[in-house]
Amino acid sequence: MLNGPRLAPLSSNRPTGLVVLVHGYGSNGDDLISLAALIQPSLRDLAFVAPDAPGVLPQMANARQWWPIATFSAVERASGAAAAAPGLDAFLDAELAAAGLTDDRLLLVGFSQGTMMALHVGLRRERPLAGIIGISGMLVAPEQLDRQIRSRPPVLLIHGTDDQVVPFRSLDLAARALEAAGVPVETHIAPGVGHTVDQGGLAAAAAFARRVLP
């Protein structure tokens, strides 16, 4: 079973919602839980957890991967996300059960490769999540979505215009495919921002979270 760093609700109450943060390639749960700490003051009743991906990058300290990237091809992305999905899915089930929460109280947040995982898993769960936030990522295998989608939670896509890792056009491609599948989509464009999230993106994410997890 996956595991990673956590933040308990600041209110000290039982959590009213759960935010699961899915990190990118070569990163780990600690990286994203540090972002969660920045928005947590406005989301005091929520619990946060950032699981470490199961794969380890050789010769790199604390670097994890949801699947190996050799070619960054569409086929590699589709097969990689499909192979990693059951582990993340089981983790979500276990975390919800432990917190006594249902899917509609779960917000899934991904960055880069983590966005690919969040969208792939979140849209294939039988019961809709509260929402999905995808930062600097893309939608894997959009041609499969019509056949495989099982729920349609609201989605917020955040992307910097100067992203040199995942092209900025990935935001538009993902938004179009999601809209075609009947998924409600919002976008936040960050002018001049690279493969990261800036203060404007964090503010947009926090506002979305407050709306879908009131």
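Colleague: Why is Ser112 called buried?

Modeller: This is a predicted model, so the values are computed from it. Ser112 has a relative accessible area of 8%. Buried means under 20%. Ser112 is therefore buried.

Colleague: What makes Asn62 exposed?

Modeller: Its relative accessible area is 61%. Exposed means over 50%. Asn62 is therefore exposed.

Colleague: And why is Asn28 called buried?

Modeller: Asn28 has a relative accessible area of 12%. The cut-off for buried is under 20%, so Asn28 is buried.

Colleague: Where is Asn28, and what does its side chain reach?

Modeller: Asn28 sits in the loop between β2 and α1. Its side chain reaches the backbone nitrogen of Asp30 at 3.0 Å. A polar contact needs N or O atoms within 3.5 Å. Leaving aside neighbours within four places in sequence, Asn28 is in contact with His23, Asp52, Asn62 and Arg64.

Colleague: How do you know that the span of helix α6 agrees with its length?

Modeller: α6 runs over residues 199-212, which is 14 residues. At 1.5 Å a residue, α6 should span 20 Å. Its end C-alpha atoms are 20 Å apart, so the two agree.

Colleague: Which residues of α6 are buried, and what covers them?

Modeller: The buried ones are Gly201, Leu202, Ala204, Ala205, Ala206, Phe208, Ala209 and Val212. The cover includes α1 (29-39), β6 (106-111), β7 (131-135), β8 (155-160) and β9 (185-190).

Colleague: What makes β8 mostly covered?

Modeller: Of its 6 residues, 6 are buried. Val155, Leu157 and His159 point one way. Leu156, Ile158 and Gly160 point the other way, and all are buried. In a regular strand the side chains alternate between the two faces of the sheet.

Colleague: How do you know that β8 pairs with β7 and β9?

Modeller: Pairing takes at least two bridges. β7 and β8 have 4, in the parallel sense. Ile132 stands opposite Val155 in β8. β8 and β9 have 6 bridges, also parallel. Gly160 stands opposite Ala190 in β9. From β8 the chain crosses through α5 to β9, and this β-α-β crossover is right-handed.

Colleague: Which members of the largest nonpolar core touch the most others?

Modeller: Val20, Trp66, Leu88, Met117, Leu157 and Leu178 do, out of 46 residues. The elements that give two or more residues to this core are β2 (17-22), β3 (46-49), α2 (74-99), β6, α3 (113-122), β8 and α5 (169-180). α2 gives the most, with 9 residues.

Colleague: What does Met117 touch?

Modeller: Not counting residues up to four places away in sequence, Met117 touches Val22, Trp66, Trp67, Ala81, Ala84, Ala85, Leu88 and Gly122.

Colleague: Which residues does the second core include?

Modeller: Ile39, Ala50, Ala130 and Leu202 are among its 27 residues, and this core is separate. Leu202 is also one of the buried residues of α6.

Conventions. Residues numbered from 1 in each chain as written. Predicted model: local features only at pLDDT ≥ 70, side-chain atom pairs only at ≥ 80, totals over all residues. Heavy atoms only, no water. Expected span 1.5 Å × (residues − 1). Buried < 20%, exposed > 50% of the residue type's maximum accessible area, 1.4 Å probe, protein only. Contact = heavy atoms within 4.5 Å. Core = buried A, V, L, I, M, F, W, Y, C linked by side-chain atoms within 4.5 Å. Right-handed = clockwise from strand over helix to strand, strands pointing away. Polar contact = N/O pair within 3.5 Å; in protein donor to acceptor, adjacent residues only side chain to side chain.
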